[in-house]
Amino acid sequence: MAAIYSLYIINKSGGLIFYKDYGSAGRMDTNDSLRVASLWHSMHAISQQLSPVAGCSGIELLEADTFDLHCFQSLTGTKFFVVCEPGTQHMEALLKVIYELYTDYVLKNPFYEMEMPIRCELFDINLSLTVQKERVALLGR
Amino acid sequence: MIGVGKIKQYSNVLDKPLSKGKQEVSLSAFAFLFSELVQYNQTQVDNIAELERRLEDAGYAVGARVLELLCHRDKGNRRETRLLGILSFVHSTVWKVLFGKVADSLEKGTEHEDEYMISEKELLVNRFISIPKDMGTFNCGAFVAGIVRGVLDSAGFPAVVTAHFVPMEGQQRPRTTILIKFAEEVLRREARLG
């Protein structure tokens, strides 16, 4: 069934601040994930320039043979993107929920420095709960 | 016109009656403000013990004022003179006003006569805070411990109050315990009162 492969969060300058993979397919080591994140940041920025219509907000969905990539950019430039199986439903909603978890458990944490890698226990716990719920919901359909 | 009531105009703001105040405050607003308080104090200190002390002092100021307000507003200007009375006041009334619910439990310490514990599954101030591993046993609940100390001190029950994480089996997050250790004179007075 449809499943999530991995989740990335990149800060406004393109640096990777959070990476989590949920399957054995496409597991990457730290350096590769950093490279991929900054690659995506650049592609996202270039796509905004390439658009024939003014006011483009960048790539939201990338569909390939073996995976889909959904991207959500917040108003502050922080990007959340998830790599999943082709045809997975409700990824947009999932990204919005993850954004809410980010604002709650990362931004309200006094020990988190802005734009630095995320090391917040509560964020990890709640993220696992959310993805777990999502997985159960997807299997159910 | 006959029968129309006139709203009393107060010339001095100190004469106005104390209002109930807004019952609901934004949790997010408080969380950000508290986060900023912790961050500000972190820049001013060198070690964790000092940071805890500062948070406690900030809470102490809140506690002293909260006692005055609640005595006037909720208790009709009556004063608590017994130990259990002031403890249940803190456990229910103060908690209800500050955090919207009564505290989870109030227990008497088994090892020492002068120790009491107020437990909470998760303190409201700690809801969004994850302590990094290298800060050891630091607990932002020191702010709440300071509030309790402020209330007890101003009511005439001097005590040492600290906040601790107590790991629970079967639960990922530890519960928080506010440990209250009363001064000698309080116990002596309590014994005298019978």
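Visitor: Where in chain A is Glu85(A) found?
Guide: This is a predicted model, in which local features need pLDDT of at least 70 and side-chain atom pairs count only at pLDDT 80 or more, while totals for chains, interfaces and linings use all residues. Residues are numbered from 1 along each chain as its sequence is written, chains are lettered from A and ligands numbered from 1 in the order in which they are written, and side-chain values use heavy atoms, with hydrogens and water left out. With helices (H or I, at least four residues) and strands (E, at least two) taken as DSSP runs numbered from the N terminus, Glu85(A) is found in the loop between β5 (79-84) and α2.

Visitor: How many Å separate the C-alpha atoms of Glu85(A) and Phe67(A)?
Guide: Glu85(A) is partly exposed, because its relative accessible area is 22% and that class lies between buried, under 20%, and exposed, over 50% (1.4 Å probe, protein chains only). Along the chain, Glu85(A) and Phe67(A) are 18 residues apart, yet the separation of their C-alpha atoms is 4.8 Å.

Visitor: Which residues is Ser47(A) in contact with, leaving aside its neighbours within four places in sequence?
Guide: Ser47(A) lies in helix α1 (residues 30-50) of chain A, and it counts as buried because its relative accessibility is 15%. Contact means heavy atoms within 4.5 Å, and, once neighbours within four places in sequence are left aside, the partners of Ser47(A) are Cys56(A), Gly58(A) and Ile59(A).

Visitor: How far away is the nearest cysteine sulfur to that of Cys56(A)?
Guide: Cys56(A) has a relative accessible area of 29% and is therefore partly exposed. Cys56(A) is accordingly in no disulfide, and the nearest cysteine sulfur, which belongs to Cys71(A), is at 11 Å.

Visitor: Which three residues supply 52% of the area that chain A buries against chain B?
Guide: In the interface, 11 residues of chain A are in contact with 19 residues of chain B. The area buried between the chains, meaning the accessible area (1.4 Å probe) that two parts lose on being put together, summed over both, is about 1,400 Å², and carbon and sulfur atoms give 63% of it. More than any other three residues of chain A, the ones that supply this 52% are Lys108(A), Pro110(A) and Phe111(A).

Visitor: Which residues meet in a salt bridge at 4.0 Å, N to O?
Guide: A salt bridge requires a side-chain nitrogen of Lys or Arg within 4 Å of a carboxyl oxygen of Asp or Glu, and the count between chain A and chain B is one. The side chains that meet there, at 4.0 Å from N to O, belong to Arg173(B) and Glu121(A).

Visitor: How do the residues of the side of chain A that touches chain B divide into nonpolar, polar and charged?
Guide: On the side of chain A that touches chain B, α2 (91-105) and α3 (121-140) each supply at least two residues. The largest share, three residues, comes from α3(A). By class, the residues of this side divide into seven nonpolar, one polar and three charged.

Visitor: Is Glu190(B) buried or exposed?
Guide: Arg82(B), its salt-bridge partner, counts as partly exposed because its relative accessibility is 31%. Glu190(B), by contrast, has a relative accessibility of 17% and therefore counts as buried.

Visitor: In which strand of chain B is Glu115(B)?
Guide: Lys181(B) meets Asp114(B) in a salt bridge at 3.4 Å, N to O, and this Asp114(B) lies in the loop between β1 (105-108) and β2 (115-120) of chain B, 67 residues from Lys181(B). Lys181(B) is partly exposed because its relative accessibility is 34%, whereas Glu115(B), at 13%, is buried. Lys181(B) also meets Glu115(B) in a salt bridge at 3.5 Å, N to O. That pair, 66 residues apart, joins Lys181(B) in strand β4 to Glu115(B) in strand β2.

Notes. Nonpolar A, V, L, I, M, F, W, Y, C, P; charged D, E, K, R; others polar. Disulfide = S-S within 2.5 Å.
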